[in-house]
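Hi there,

Here is the structure I promised to pass on to you.

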Amino acid sequence: MRYEGNIYRPPSEWQSYILQVTIGCSHNACTFCGMFKDKKYRVRPLSEVLEDIDMAKSYYGSVDQIFLCDGDAISLDTKNLLKILHKIKRVFPNIKEIATYASPKGTLKKSKEELKLLREAGLTKAYLGVESGDDSVLKATHKGVNVAQMTEAGKALVDANIELYAIILVGLAGKEGSKENARLTAKIINDIKPQHLAAMTYMPVPNTPMYKDIQEGKFTVLTEKECLQETKWLVEGLDKFHMHFNSSHASNYLPIDGDIYSEKDKIINTLNEALQNDLINLNRSYRAL
């Protein structure tokens, strides 16, 4: 297969064939992110992408899942993205899932009708970096949209019946803004109502603007216990609806996996137990539920 630069994909896409349809990220300005810095965003020629699908058929025979990368395949022109999806379905008629990262800006450029067409053509899953529900945090981290726009993008994907994985970053507001960040992030998730919520923990990345702020004392990174406390505040603020909550990413201190509707209280109890015991190596000592 032909790839340019470092390739990133969500942990849950580990079994997927990775099809590179864009190079880099269309936004690529978030102050906390070190991904795609080795690339200048551009769209790959459609002919190359279609050739890669044939190459995958020749190499693998059959695949069940495909992940469209790099950072924002949904930003492609809808006509070309539909051609890619139709080609995938022709070459792999038994394909079960086609997924992509979806930037809020890229999503908002699509009409409701376009998103529904993409879903009908086989785009089953999208990963949206919500990060935070606090306007001041989104502005400070140069996310490129405000809370209202992020909410609109998330709702549009849900309304199109595209399975939505909302991704948030615990600790993105620093120590001073932690509790308010948790409250407002719970609110935006309640408004969007994604099928999945992936809670990751902010980890400083060298050579990023936020890393420089940390070095200059302008931003205070949360401790392990403070991250757990913010996660607890977040979960407490979530409405009880059917949403898969997961914090098993390597950045997290306590892996949790459960349904908010039926297991919210158990998740909170697990977080309370971890906070009360103040464990040093939390992710090896506790498993939720």
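Predicted model: local features only at pLDDT ≥ 70, side-chain atom pairs only at ≥ 80, totals over all residues.

Residues are numbered from 1 along each chain as its sequence is written, and side-chain values use heavy atoms, leaving out hydrogens and water.

The pLDDT is the predictor's confidence in each residue, from 0 to 100. Its mean over the protein chain is 92, and 96% of the residues reach 70 or more. Over residues 280-288, however, the pLDDT is below 50.

The protein chain has 11 helices and 10 strands (DSSP runs: H or I of at least four residues for helices, E of at least two for strands). Its C-alpha atoms fill a box of roughly 55 × 45 × 35 Å along the principal axes.

Of the 289 residues, 51% are buried, meaning under 20% relative accessible area with a 1.4 Å probe, counting protein chains only. The largest nonpolar core holds 65 residues; such a core is a set of buried Ala, Val, Leu, Ile, Met, Phe, Trp, Tyr and Cys residues joined through side-chain atoms within 4.5 Å. Among the residues touching the most other members are L19, I66, L68 and I88. A second, separate core has 10 residues, including F32 and V137.

Which residues does I88 contact, leaving aside neighbours within four places in sequence? They are L19, I53, I66, L68, I95 and I98, where contact means heavy atoms within 4.5 Å.

Enjoy exploring!

Terms used
Buried < 20%, exposed > 50% of the residue type's maximum accessible area, 1.4 Å probe, protein only.
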